[in-house]
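This report covers strand pairing, turns, aromatic contacts and packing. Please keep the sequence and the 3D view open while reading.

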Amino acid sequence: MIRIISFLIILSFPILGYTPGKWSHKDAYLFKKIKKVPNKEIVRNGEGQVVYVAEYEYNSDGKLITETYSDKEGKGDGKTSFRYTDGLLSSEEVYDNGGHLVERKDFQFKGRALKKMNVKDGEGRLLIVYSIESDGEGNIFAAEGKNLETKDNESFRFQIDPKRPNVQIQYLTDDKKKGLGEIHFKFDAKGNLVEREFFQGENRRVHKLKYKADGSLESHSFHVKQGDNWILEKTHVLVYE
């Protein structure tokens, strides 16, 4: 994948972490050294009821090492562990509430730039191989995933919206380069990601992010469009010590 001029503009924004085709605020805690990080995340459904809680643990470098989950009743519901080699993310392991490994991701870098991610099941079988175009700051610009079981390929790339310089568009395509959908990333004047809008056929979804005065993420919420109305699905609230 050739890096085009627009990538130079993209570098000025904190776009993605490692997950191909998917953004998560936790990506920054895996790739960057953040001064203020949350120790807990509380998720509520559209009616305001707690759905689950995630608690975070970090190493001495400020990198996320464990994400522990509990359900709405406070019972343990599994965890995700992250390992590092020479300060770079090397693996992610997901465990169920019985302590059994469900999925593992292994990461390969060239210098400090992520180039490949392998997804395996709990028994170690290789499922998906991702080839990745990224920089040394944890930002991903393009990626292609090959499913070894179905033989399907999917990829994505980013492009600046020529009419809206504060918007970046993520184009999702299949192995025949047929469009699967788009995600529009909107940034505010400070460079903070404030909205992601999903377009897939007739389906529309939006992810909105809210920040505190000090620039740390306060909450983010997911909405789906039904007819002419936007319906709140869930809200994630971050808790800081």
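## Basis

Two strands pair if DSSP finds at least two bridges between them. Strands are DSSP runs of E with at least two residues, and helices are runs of H or I with at least four; both are numbered from the N terminus.

The model is predicted: local features need pLDDT of at least 70, side-chain atom pairs count only at pLDDT 80 or more, and totals for chains, interfaces and linings use all residues. Residues are numbered from 1 along each chain as its sequence is written, and side-chain values use heavy atoms, with hydrogens and water left out.

Strand β6 (residues 101–110) and β7 run antiparallel, joined by eight bridges. Gln108 has Lys116 in β7 as its bridge partner. The hairpin of β6 and β7 has two residues between the strands, and Gly111 there takes a positive phi near 65°.

β7 also pairs with β8. That pairing is antiparallel and has five bridges. Asn118 is bridged to Val129 in β8. Four residues separate the two strands in their hairpin, where Gly124 in the turn has a positive phi of about 90°.

Is Asp121 buried or exposed? Asp121 lies in strand β7 (residues 113–121). Its relative accessibility is 13%, so Asp121 counts as buried. Buried means under 20% relative accessible area, exposed over 50%, and partly exposed in between (1.4 Å probe, protein chains only). The side chain of Asp121 reaches the backbone nitrogen of Arg125 at 2.9 Å. Leaving out residues up to four places away in sequence, Asp121 touches Val102, Glu103 and Leu127; contact means heavy atoms within 4.5 Å.

Val129 belongs to strand β8 (residues 126–134). At 19% relative accessibility, Val129 is also classed as buried. With residues up to four places away in sequence not counted, its contacts include Lys116, Met117, Asn118 and Leu148. Val129 and Gln108 lie 21 residues apart in sequence, and 11 Å apart in space, C-alpha to C-alpha.

Strand β10 (residues 153–161) pairs with β11 in the antiparallel sense over eight bridges. Asp161 has Arg164 in β11 as its bridge partner. Two residues form the link in the hairpin from β10 to β11.

β11 and β12 run antiparallel too, with seven bridges. Tyr171 is bridged to Glu182 in β12. This hairpin has four residues between its strands.

Most residues other than glycine have a negative phi. Where are the exceptions described here? Asp86 has a phi near 55° and sits in the loop between β4 (76–85) and β5 (88–95). Asp86 is exposed, at 70% relative accessibility.

Lys177 has a positive phi of about 65°. Its place is the loop between β11 (164–174) and β12 (179–187). Lys177 is exposed as well, with a relative accessible area of 57%.

## Aromatic pairs and charges over rings

Rings of Phe, Tyr and Trp (its six-membered ring) pair if their centres lie within 6.5 Å; planes under 30 degrees apart are stacked, over 60 edge-to-face and the rest tilted. By this rule there are five aromatic pairs. One of them is Tyr52 with Tyr69, edge-to-face at 6.5 Å centre to centre and 80° between the planes. This pair links distant parts of the chain: Tyr52 in strand β2 (residues 50–58) and Tyr69 in strand β3 (residues 64–71), 17 residues apart. Tyr52 is partly exposed, with a relative accessible area of 27%.

Phe156 and Phe158 are also edge-to-face, at 5.9 Å centre to centre and 85° between the planes. Both residues are buried. Ring pairs join Phe156, Phe158 and Phe185 into a cluster.

Charged ends sit over rings in two cases here. Lys36 has its charged end over the ring of Tyr240, 5.3 Å from the centre. Lys234 has its charged end over the ring of Phe222, 5.1 Å from the centre. The rule requires NZ of Lys or CZ of Arg within 6 Å of the ring centre and within 35 degrees of the ring normal.

## Nonpolar core

A nonpolar core is a set of buried Ala, Val, Leu, Ile, Met, Phe, Trp, Tyr and Cys residues joined through side-chain atoms within 4.5 Å. The largest has 32 residues. Leu30, Leu64, Tyr84, Leu89, Ile132 and Phe185 have the most contacts inside it. Not counting residues up to four places away in sequence, Tyr84 touches residues including Tyr29, Leu30, Leu64, Ile65 and Leu89.

Note on methods. A polar contact is a pair of N or O atoms within 3.5 Å; within protein, one must be able to donate a hydrogen and the other to accept it, and residues adjacent in sequence count only if both atoms are side-chain atoms.
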